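Biologist: Please take me through the features of this model. I would like the general idea first and then the case at hand.

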Amino acid sequence: MRISRRVFAAAAAAVVLMPLSACGSGGEDGGSTDASGKVEGDITFQTWNLRANFKPYFEGVISDFEKKYPGTHVKWIDQPAEGYADKISADAAGGTLPDVVNVSPDLVAPLAKAGLALDLDKSAAKYKSEYLPGAWASHEIPGMTGTYAFPWYLNTGPLFYNKSLFEQAGLDPDQPPKTYDELFAQALQLAKKTDGKVATLANVPTVEDFGRYGVELMNKAGTAFAFNDAKGIELLTKYKELYDAKALDSQALTATPESSGKKFLTGAVAMNPGSALDLDNFKKQAPSLYKNIGITDQITSTGHVNMYVMGVMVNSKTKHTPASVAFAHYVTDAQQQMSFAKKVAIFPSTAGSLDDPYFTKEDGTDETRVRIAAAKSLKNAVNYTPVLFSEQMKTALRNEVAKALQGKESPKTALDNAVKQCDTLLQQEG
């Protein structure tokens, strides 16, 4: 399954498939950027759909932190995946934002612009070297100086493919596509050989796909989008060819990560992106697919795979800056991240952690093979989704892509319109 931001946020919770207290939260008058004082006070910590499966883990982390810093008390709040962005916006507007908040880069951007996210380059620069450079940089905001959240867990994954479907179409099941040209050529062949009954891909291109293809997504200043360049038009034109040939699933326009995953499980689609989380699912729900599963690397034109990153932000209005920064760092330090990564198929963002034998030593299982390959690719992975690319912008792009695939607009017109809409939204949010 494509791990969308929402699905990824719940990835830990998906292994088996708020009235907020203002306690400790700074109001209009609260806040200090100085994190060097005594670590003490009551603070609130908010996570994103993690309590159901990881309650003992987080209770242990909090207990250990409070023992390390006897003058502290951490109140843990967990919010459901649905409506999380809206909840954060409401809390930000109402002055009830918790002291330490689980965010993704696109969620931290409006908070940083509103002056509600602490700049860690000023307040916690001493910790920067503990994290992978790409992960630390993922919470920088174009047009602003600074970094606005500690990087937390990362995820990426391979492309899975159905070897038996490849073989039936006369393709070598042990030579999956490595480039976009090979992907498009093999997809067209597979559709032709099956009379359009088997598509190769189940999803329309998203902004991260344009990034992987080598499209410049934004201008350098971060003031306008640029994915309507010649390369962007080329990619959408290729997808239109796939759609017309039924090499792209006919329901791709309305697909969700869950529906795409089901299509792959049932053999209606030959390839699907995913993560190590999916292998166990294949084994249980589709044993015949699992026996024929092929695993290959994400296809990119850049040499850098896409990574999803979660972060932990400190509310700049907290009345307990030293305690909030200390806790945000504690949750995301190498020891805690390694412990969390061994409980669920995610990856630590801390420097050196991906060299641990857990991420480097083969044991003959597919699960370990996927984990090792993903860990290796994460060392220079990129979060292609622009920090400033909001949910509304994702919808605008998706709608225009749909018009191009259906032949209602040319790929150029569709992308020109998408960029125009996204630029308007960017100015409104700026």
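**Reading the model**

Modeller: Three strands make up an open sheet, in the order β6-β5-β7, and their pairing is antiparallel. The edge strands are β6 (271–273) and β7 (293–296), each of which pairs on one side only. This is a predicted model: local features need pLDDT of at least 70, side-chain atom pairs count only at pLDDT 80 or more, and totals for chains, interfaces and linings use all residues. Residues are numbered from 1 along each chain as its sequence is written, and side-chain values use heavy atoms, with hydrogens and water left out.

Biologist: What makes two strands a pair?

Modeller: In general, strands of a sheet pair through backbone hydrogen bonds, either parallel or antiparallel. Two strands count as paired if DSSP finds at least two bridges between them. Helices (H or I, at least four residues) and strands (E, at least two) are DSSP runs, numbered from the N terminus. Here, β5 (residues 159–162) pairs with β7 over four bridges in the antiparallel sense. One of the residues involved is N162, whose bridge partner in β7 is I293.

Biologist: How many residues of helix α4 are buried?

Modeller: Buried means under 20% relative accessible area, exposed over 50%, and partly exposed in between (1.4 Å probe, protein chains only). Helix α4 (residues 105–113) is mostly covered, with seven of its nine residues buried. The buried residues are P105, D106, L107, V108, A109, L111 and A112. Just after α4, G115 has a positive phi of about 80°.

Biologist: Which rings are stacked?

Modeller: Rings of Phe, Tyr and Trp (its six-membered ring) pair if their centres lie within 6.5 Å; planes under 30 degrees apart count as stacked, over 60 as edge-to-face and the rest as tilted. The structure holds 31 aromatic pairs. One of them is W48 with Y84: the ring centres are 4.4 Å apart and the planes are at 10°, so this pair is stacked. W48 belongs to strand β1 (residues 41–48) and Y84 to helix α3 (residues 84–94), and the two are 36 residues apart. W48 counts as buried at 1% relative accessibility, and Y84 is buried with a relative accessible area of 1%.

W152 and F340 also form a stacked pair, at 5.9 Å centre to centre with 15° between the planes. W152 lies in strand β4 (residues 150–155) and F340 in helix α15 (residues 334–341), so the pair ties together parts that are 188 residues apart in sequence. One aromatic cluster includes W152 and F340, along with F45, F54 and Y330 among others.

Biologist: Where does the charged end of K231 sit?

Modeller: A charge sits over a ring if NZ of Lys or CZ of Arg is within 6 Å of the ring centre and within 35 degrees of the ring normal. The charged end of K231 is over the ring of Y213, 4.8 Å from its centre. K342 lies over the face of Y358, at 5.5 Å from the ring centre.

Biologist: At what angle do helices α8 and α10 pack?

Modeller: Two packed helices are described by the angle between their axes and the distance between the axes. Axes are lines fitted to C-alpha atoms, for helices over the stretch in contact, and angles run from 0 to 180 degrees between N-to-C directions. Helix α8 (residues 180–193) packs on helix α10 (residues 230–244) at about 15°, with the axes 10 Å apart.
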